[in-house]
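Please read the following report alongside the sequence and the coordinates. It moves from a pair of facing residues to the sheet around them, then to a neighbouring loop and a metal site.

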Amino acid sequence: MQKGPTRRTVLQSALSAAALAAYPLPRFADASSAKFKLTAAPGRATLVPNPDLQTPVWCYNGAVPGPILRLRQHSTLRVDLDNQLGEETTIHWHGVRLPNAMDGVPGLTQTAVPPGEAFSYEFTCPDAGTFWYHPHQNSSAQVGRGLYGALIVDEEEAIPVDRDVVWVISDWRLQNDASIQQDFHNLHDKTHAGRIGNVVTVNGSVIDTFEVRSGERIRLRLINAANARIFALSFFDQRPTIIAIDGQPVKPHEPVGGRVVLGPATRVDLILDCIGRPGDRHRVIDDFYSGMTYRFVDLSYIKEEPIRSQFPSVPALPDNKLAEPDLAQAERRRIVLTGGMMGGMKSALVDGREMDVMSMFRSGVAWALNGIASTHHAHTPLFTCVRNRSYILELVNETVFPHPMHLHGHSFRVLSRNGQPEQFRPWQDTVLLLARERAEIAFVADNPGDWMFHCHILEHQAAGMMGVIRVE
Ligand code: C2O
Ligand code: CU
């Protein structure tokens, strides 16, 4: 932390360029390539605050979450996956606009990696931002048991902050001995809101407080790695500024209604200016589900004098320069989401066969996109896009549950919700549709290949809510 004259200078001229210069620059991942090895294997983790209670998990390199993979924008990531699980796996690089063959979707972009075997992923990261990785095979169980980690791509020129912090947020369904409840793929989770856990962790453990220092500016990268839980974090008078969503910069703004909403797979980068006083405690709560509000964490101010007393305005992140969809010329497509409990769906085409809803539920299939339910990754595309053409997708949620819909290989602009224009038109790779909500998204189909479009509530995905969009 700053000491002596430097700090005084900062306090005296908080809004000057000198104040900005006083932020230490985060250390860059350097070089033009980064190489990692990830071993997926069973392990143990201390999730709950009791060292006697360890949880058998599945994890990368012995830890939950797996290691933070960090590299610089435009450099090449190489990851050697070693599968030491008792079943097949893959790694999907969520949100990265990479070549189709590296996307990690078994049966669609690669063969699943058998137990004991290896696979190497190698691709360039075109966008700076906060991304993450997870298996795309038996995802509900593999992610639900702890297989995921953060992928951070550093801007060529980062914005100055005192600390760059990653929070991989997840939840778990634990029994009293802290072991994972083994009821993956049960019909209730598939037909309702998914596998929502009873224990929430940040970076793999239940946390009570997060220490901050008065006057510091933190870049807080939130990653929702939960199977199904949606978070809505309120920071109250701490008033963070959102600077990126799903890795892509957005005009810096305060969260609408004061809540930072994170559907499964969503990332939000915040600037948290620590305006409290030494010794303060500030609550952060999660109140997404009505009647289930809980204290998420307390920001606990260490008893050190403030680093600074005023904060310069929050700068925008440098643009990743995505291709801008041509809305006037764009082709429109409609995707209707049906199914689930109380959804009124009568029947759907399940892997090519017409089924009524009761027989669907009996065979563990519960959702459909445009009347088609898919339980495996490879199938006829929902539609085919002409390369480099602009598309507007109208997503219509006719169900009574929320669905975070994720498109692989592209980022899209969210244009509107329920006919109302979306403020800032953010670039995202996953858009959360609330019950009965509709949204319009737009993108340029500039990445050739077969790309998954699916719900990121992993039990919904397994129960039919996935499709393929082909770009050729
Ligand atoms: Cu985060 Cu299809 O995945
Ligand atoms: Cu869903």
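In this predicted model, S170 stands opposite T201 of strand 10. Strand 9, which spans residues 163-172, pairs with strand 10 in the antiparallel sense over 4 bridges. Both belong to an open sheet of 6 strands with mixed pairing, arranged in the order 10-9-12-17-14-15. Strand 10 and strand 15 stand at the edges with a single partner strand each, so one side of each is left without a neighbour in the sheet. On average, and with direction ignored, neighbouring strands of this sheet are turned by 25° against each other.

The loop between strand 9 and helix 4 (187-191) holds R173, which counts as buried because its relative accessibility is 14%, below the 20% cut-off. A polar atom of the R173 side chain lies 3.2 Å from the backbone oxygen of I196. Leaving aside residues up to four places away in sequence, R173 touches, among others, S179, D183, D189 and N198.

The copper ion (ligand 2) is coordinated at 2.0 to 2.1 Å by the three residues tabulated here.

| Donor residue | Donor atom |
|---|---|
| H403 | ND1 |
| C455 | SG |
| H460 | ND1 |

In sequence, these donor residues follow the spacing H-x51-C-x4-H. H403 lies in strand 27 (residues 403-407) and C455 in strand 33 (residues 449-455), so this pair ties together parts that are 52 residues apart in sequence. Both H403 and C455 are buried.

Definitions and conventions:
Residues numbered from 1 in each chain as written. Chains lettered and ligands numbered in written order. Predicted model: local features only at pLDDT ≥ 70, side-chain atom pairs only at ≥ 80, totals over all residues. Heavy atoms only, no water. Donors = N, O, S within 2.8 Å, 3.2 Å for Na, K, Ca; no water. Helix = DSSP H or I, 4+ residues; strand = E, 2+ residues; numbered from the N terminus. Buried < 20%, exposed > 50% of the residue type's maximum accessible area, 1.4 Å probe, protein only. Pairing = 2+ DSSP bridges. Axes fitted to C-alpha atoms, helices over the stretch in contact; angles between N-to-C directions. Polar contact = N/O pair within 3.5 Å; in protein donor to acceptor, adjacent residues only side chain to side chain. Contact = heavy atoms within 4.5 Å.
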